[in-house]
Amino acid sequence: MDIISFVLCLALFAVIGIWSSRRSSPEKQDYLLAGGNVSPLLTALSAAATKYSGYIFIGLMGYVYTHGLSAIWIAFGFFFGDLLAFFFVHKKVSEATARTGALSFAELLSLWPGGNYRILRVVIALITLVFLLTYAAAQFNAGSKALHVLFGWEYYIGSVVGAGVILTYCFTGGLRASIWTDAGQSILMMFAMALLLVSAIIANGGLVPFHEALNNVSPSFLDLGSERFGSFEAMALFGFGWLFNGIGVVGQPHIMVRFMALDNPDHIRKTGVIYFTWSGVFLLISITVGLAARLYIPDTSSLDAELVLPMLADVLLPGFAVGIIIGGVFAAAMSTADSQVLSCSAVLSEDFKIVGRGIGARRIATAIVVILSLVLGLVASANVFTLVIFAWSALACSIGPVVIVLALGCRPSQTTLLIMMAVGMGVALLWREMGLNTTVYEGFPGIIAALGVYMLTLPFSSSSKEQSEA
């Protein structure tokens, strides 16, 4: 029964994507930006599903299971950093898209300053391609882990299944199919996580016994982190660092393209209300489910903590419901992977222009990206949490600062922007390589370093020079 319900979920995603493609036109704006007429509801749900990927169901769930309530600081950063960035970036992205007519995120940033920063476009496109392929590979890994636990399938089978479904609807409908499918997947993701939470509480006899059981896991399991980090100051620094993970959403092309496709910049507030309501509820439920997993799954040295959610579903739920949970995991992974695939195909077809013109060329680009990310997912040895954080950080610290300064109305020269990107990414990767990310998330020093470069160049730059350089 679990396989039947899971297959039904996959079939539903494919049907939604193919059905939505009936509204598509052969124009490249439709394939890459859904015609620029996506409603606030669809934009919000699609952006939420894209951001809260299989990483939440697999990666973050394992982190909460291992570290207890102190993991809430990661969720805190996800939410409030994102909210802070939303106040001054997202509407400007929508307005700049309407003004420039850009079809890819790299093209938007190259045209935003008023000139045509060709080298910047190529560099952003290359970074997008490299790190979104890595990110998409992590999503395929997330789905395959869930299927391996419940059905005993080899890891590669789950990756191939996910890639096949994504290719089916993205091939036909482009971003429009992705957005509609993401919206449906966001509903299934929320339902699956809520079903697990309610089942865990009922199995413990209600809220009070459930809370008491969590308290009994260990003395520090429900501690916010003062014991884990050693002091309140260290805990606060850890939480503050993760705010920059949330701010880093502005450097994620696969998420920001949703706001490029919004029908009207004036609808951004309505979009934000839906997006952050969904996000807040989903994060709170997810953290609680991660805590609940410790009540049913013993913590052993041989356990892969990233497998606890499908294991928890298998313990608490009947077969048909387990299939729905795995459908939720796959929905989370696919809603992000399809967005990353289309962002990378836009790089190949629009920024690099290496696959020709027309709808056929864009579909070829999509197929190439799916295959590349699938192969990378099959050979990658790192876990989902590590792969996602690595890719997210690289994009956040290189592209993110560029978006921030442009949204604030600044007009740096192309040279300044390129140096900012190099310094931001370099600092973040060096920080992680030195192991300092266990104390402070690498996005903090990376983004601050890049913005610092811009501040240092101000005395040596003139407004006219910055505006004219291309």
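Which residues touch the most other members of the largest nonpolar core? They are Phe-57, Leu-109, Met-189, Met-193, Phe-282 and Ile-399, out of 160 residues in that core. A nonpolar core here is a set of buried Ala, Val, Leu, Ile, Met, Phe, Trp, Tyr and Cys residues joined through side-chain atoms within 4.5 Å, and buried means under 20% relative accessible area (1.4 Å probe, protein chains only). Helix 9 (residues 155-203) gives the most to this core, with 18 residues. Helices are DSSP runs (H or I) of at least four residues, numbered from the N terminus.

A word on the model. It is predicted, so local features need pLDDT of at least 70 and side-chain atom pairs count only at 80 or more, while totals for chains, interfaces and linings use all residues. Numbering starts from 1 along each chain as its sequence is written, and side-chain values use heavy atoms, with hydrogens and water left out. The average pLDDT (the predictor's confidence in each residue, from 0 to 100) is 84, and 91% of the residues score at least 70.

Back to Ile-399: beyond its neighbours within four places in sequence, it has contacts (heavy atoms within 4.5 Å) with Phe-105, Leu-109, Ile-124, Ile-127, Thr-128, Gly-251, Pro-253 and Met-421. Pro-253 also belongs to helix 13 (residues 253-260), where eight of eight residues are buried. Among them are His-254 and Arg-258.

Finally, take care with residues 463-470, where pLDDT stays under 50. Where pLDDT is low, the predicted coordinates should not be read in detail.

Terms used:
Buried means under 20% relative accessible area, exposed over 50%, partly exposed in between (1.4 Å probe, protein chains only). Helices (H or I, at least four residues) and strands (E, at least two) are DSSP runs, numbered from the N terminus.
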